[in-house]
Amino acid sequence: MAFDRSFYDKRAEELNEIIKDLTKKANQLSFFRLFLFIALVISLIFYCRNQLIWFLLLTVFFICLFSIACVKHSHIKASLIDKKYQYDINTQYIDRIKGAFDTLLDSGDEFFIKNHDYCNDLDLFGKKSLFSLLNISESDYGRSSFAKELLFSPVNDRTIEEILRRQKAAEVFAANPVFLQEYQAIAKTKKVKKTPADLLVSDSGGKNPSIKLCYLALLWIIPLLLAFISVSYAKVAVAFVMIINLLIWFMNLQVFTSCFSGMEQAMRSVPVLIRLFEKIELSELDSEMVKLFEKKKYSSVLLKLKNLSNIAVFRSQPLLDLLVNMFFPLDVWLYVKLKDYTKSYSGIINEGVACLGEIESVMSASMVEIISKTSTTPEFTDDGAIFEGENIYHLLINPSTVVENSISFNDRIVVITGSNMSGKTTLLRTIGTVSILSYMGAKVPASSLRLSRMRIMSSMRIADNLDEGISTFKAELNQIASIIKANKEKETGDKILFLIDEIFRGTNSVDRTEGALVVLKNLSEKNVCGLMTTHDYAMCDKAQESMNNIDYYHFAEKYVDDGIKFDYKLQKGVSYISNAKYLMKLVGIV
């Protein structure tokens with residue numbers, strides 16, 4: 001339901017009513033259970049005193065009713081928890097639409113990469129970031145997959161056909177927000193944090209006790225045969241078999257403990273994974289990515305692992321585990337079954353969970369269409385380094401105040417001038433983020449967008465590094481040098497989109513001008529396009545004289561009695577206005 005605030009407000013009211021109704025039913029059943037328990041105890045006391053059969057029958061009747069009430073109460077409580085999760089999730093959707101997503105807690109800080117092409121500059125991770133705004137995945141698989149999409153720079157590894165496939169899936173999810181919320185509510189019931197390998201039995205490297213399984217089973221034939229001869233001999237044989245079972249169990253205890261460590265994780269994670277897979281498999285959503293789940297039936301494979309984990313519950317109680325293995329080699333049997341399961345299905349499970357992570361990342365990508373006041377499906381071309389955006393805007397700016405801009409460049413460089421705080425850096429970040437969203441298959445906040453697959457590289461948030469003895473200027477040189485190096489080393493057909501903010505701000509004006517011109521000349525090649533902001537008007541004048549592949553734009557402002565007014569609208573040409581002195585005056589410096 002793309003950008004329809006009223007839909008989510010109405011859904012919040014509906015969920016609130018359902019929660020009230022379920023809470024009322026849960027409270028009623030709770031009192032009913034208490035009544036049945038008291039009635040059960042009273043009827044049992046009367047039976048014990050009077051030994052009347054109808055008191056016994058009444059007791060059995062109350063036990064049955066109490067059991068049914070407990071099951072029903074459990075189901076209602078589970079449904080109540082699910083609806084409360086959905087209500088909270090729906091509230092988060094509304095917060096995103098309002099631009100109040102700083103209330104969301106998942107910042108994704110652990111995915112930040114320091115020396116990345118653009119991670120430091122485009123607000124990918126953090127309290128108010130693209131990850132925080134868009135991520136709706138609750139599993140570590142999905143969170144990691146979505147983070148990789150945000151960091152996905154070498155886009156030539158992904159074909160246009162693959163991007164279109166992801167676009168289709170994202171559109172389908174955006175059209176079914178209730179499905180997304182129900183899926184997310186399931187995932188919230190138990191955080192899935194372990195990798196697929198952790199859900200399977202590992203090879204301890206010890207001796208394989210599977211060889212002993214058949215012998216341990218045959219040992220019980222001995223007391224059965226001896227029972228025909230002498231009961232006393234049979235009893236001795238039973239004791240002998242029990243001792244042998246315990247010895248075998250104790251000798252392999254370290255092997256079992258090592259191999260079943262993953263099983264303990266499966267007991268907690270597999271039921272949730274099964275529900276998530278089933279939710280997708282039974283959805284009948286019209287998407288190639290979804291239909292893959294319908295075809296593969298990953299849930300049925302995991303159901304077999306769940307059944308084994310249910311049997312393995314005996315191992316959680318050491319004394320019970322010892323008693324069971326005294327009569328039946330349960331641990332040996334489980335070991336054999338889990339080794340066979342791992343051999344047969346480990347590849348399928350790894351594939352399934354990888355697909356789950358991928359589809360959850362697409363679910364997160366679908367949020368762009370849901371929360372954007374306007375959005376469009378990007379079109380792709382391989383005819384040079386192209387970016388043609390109409391009415392593009394930044395997702396992280398409040399939708400009630402954000403300003404749209406249009407800009408196009410084809411194998412060209414755009415130099416942007418303008419005063420401080422006029423919108424130059426925001427435009428660079430807007431172009432970077434809409435490109436990232438395009439490559440992951442999301443819609444973008446714009447009225448139209450046509451672009452090629454380009455490697456995004458930026459130099460914007462530059463900081464010194466005292467530990468490594470690197471100044472701000474040296475850090476900027478390193479960042480820009482990496483862009484020039486990538487351009488020189490790119491293969492035929494590869495394309496680069498660069499974003500450079502306030503180039504060489506850390507040096508004197510003469511060196512800044514000459515250095516910027518050198519950078520422009522190094523990047524003035526086919527299959528390269530980008531934007532550079534600057535206050536260096538001398539550089540702009542010299543570039544206009546010597547280079548013909550540069551377009552010039554600027555942001556303007558107006559001075560009024562109560563301060564400076566910015567319209568944040570991109571205009572053609574170079575701006576020679578500076579507001580630095582005026583700003584210093586406002587804060588009392590001059």
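**Before you start**

The model is predicted, so local features need pLDDT of at least 70 and side-chain atom pairs count only at pLDDT 80 or more, while totals for chains, interfaces and linings use all residues. Residues are numbered from 1 along each chain as its sequence is written, and side-chain values use heavy atoms, with hydrogens and water left out.

**The whole chain**

Begin with everything shown as a cartoon. Of the 590 residues, 48% count as buried. Buried is under 20% relative accessible area, exposed is over 50%, and partly exposed lies in between, with a 1.4 Å probe and protein chains only.

The accessible surface comes to about 28600 Å², and carbon and sulfur atoms own 58% of it. Areas come from the Shrake-Rupley method with a 1.4 Å probe, and for residues only the protein chains shown count as cover. Among contacts with a separation of 6 or more, 75% join residues 24 or more positions apart.

**Stop 1: helices α1 and α2**

Select residues 5-50 for α1 and 53-98 for α2. Their axes come within 7 Å and cross at roughly 160 degrees. Axes here are lines fitted to C-alpha atoms, for helices over the stretch in contact, and angles run from 0 to 180 degrees between N-to-C directions. The two helices are therefore roughly antiparallel. The cut-offs are under 35 degrees for roughly parallel, over 145 for roughly antiparallel, 65 to 115 for roughly perpendicular, and oblique for the rest. The crossing of α1 and α2 is left-handed, meaning that the near helix is turned anticlockwise from the far one by less than a right angle; clockwise would be right-handed.

**Stop 2: the largest nonpolar core**

Which residues touch the most other members of the largest nonpolar core? Select L124, L134, F173, I407, I431 and L531, out of 109 residues in that core. Helix α15 (residues 330-371) gives the most to this core, with 18 residues. A nonpolar core is a set of buried Ala, Val, Leu, Ile, Met, Phe, Trp, Tyr and Cys residues joined through side-chain atoms within 4.5 Å.

Zoom in on L124. Leaving aside neighbours within four places in sequence, L124 is in contact with Y118, C119, S129, L130, F131, L150, L151 and I436. A second, separate core has 27 residues, including M457, F504, L517 and Y537.

**Stop 3: helix α4**

Select residues 140-150. Eight of the 11 residues of α4 are buried, so this helix is largely enclosed by the rest of the structure. The buried ones are Y141, G142, R143, S145, F146, A147, E149 and L150.

**Stop 4: R429 in α16**

R429 lies in helix α16 (residues 424-439). Is R429 buried or exposed? At 15% relative accessibility, R429 counts as buried. Beyond residues up to four places away in sequence, R429 touches D121, L122, D123, H394, M460 and R461.

**Stop 5**

Select α18 (residues 509-523) and α19 (residues 537-546), whose axes come within 9 Å and cross at roughly 40 degrees. They are therefore oblique to each other, and the crossing is right-handed. T513, E514, A516, L517 and L520 of α18 make the contact with A538, M539, K542 and A543 of α19.

Next, look at backbone torsions. Most residues other than glycine have a negative phi. E502, in the loop between β7 (496-500) and α18, has a positive phi near 50 degrees and is buried at 16% relative accessible area. N527, in the loop between α18 and β8 (528-533), has a positive phi of about 65 degrees and is buried at 13%.

**Stop 6**

L273 is in helix α11 (residues 261-281) and is buried, with a relative accessible area of 0%. Draw a C-alpha to C-alpha distance from L273 to A187: they are 8.1 Å apart in space and 86 residues apart in sequence.

A239 is in helix α9 (residues 231-251) and is partly exposed, at 35%.

Terms used. Helix = DSSP H or I, 4+ residues; strand = E, 2+ residues; numbered from the N terminus. Contact = heavy atoms within 4.5 Å.
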